[in-house]
Amino acid sequence: LEVELPNGQPLHLFANHFTSKSQGVFSTDPKRERQAKRVAEILDAYDLNNDFVIVAGDLNDTPNRNPLQPL
């Protein structure tokens, strides 16, 4: 989603819902890692020092676990 801010600069919002760990981390970690890698690829198109970008949603993991390391 792209929203134009009052100053005219765009805000880019990426809403996510990564796969759940309910089937066990060994079977679901690979998919969450693929999802994180894809989000990271999308973010490569932005200048994260100057562009307003939000990655939000349920990533279904804790930040320090391996599947989310691409972010």
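Guide: Let us begin with Tyr46, which is partly exposed, with a relative accessible area of 23%. Here buried means under 20% relative accessible area, exposed over 50%, and partly exposed in between, using a 1.4 Å probe and protein chains only. The model is a predicted one, in which local features need pLDDT of at least 70 and side-chain atom pairs count only at pLDDT 80 or more, while totals for chains, interfaces and linings use all residues. Residues are numbered from 1 along each chain as its sequence is written, and side-chain values use heavy atoms, with hydrogens and water left out.

Tyr46 forms an aromatic pair with Phe14. Rings of Phe, Tyr and Trp (its six-membered ring) pair if their centres lie within 6.5 Å; planes under 30 degrees apart count as stacked, over 60 as edge-to-face and the rest as tilted. By this rule the count comes to 1 aromatic pair. The rings of Phe14 and Tyr46 are edge-to-face, 5.8 Å centre to centre, with 75 degrees between the planes. Because Phe14 lies in strand β2 and Tyr46 in the loop between α1 (25-43) and β3 (52-58), the pair ties together parts that are 32 residues apart in sequence. Helices (H or I, at least four residues) and strands (E, at least two) are DSSP runs, numbered from the N terminus.

Strand β2 (residues 10-17) also holds His12, which is buried, with a relative accessible area of 10%. Leaving aside neighbours within four places in sequence, His12 is in contact with Leu1, Glu2, Tyr46, Phe52, Val53 and Ile54, where contact means heavy atoms within 4.5 Å.
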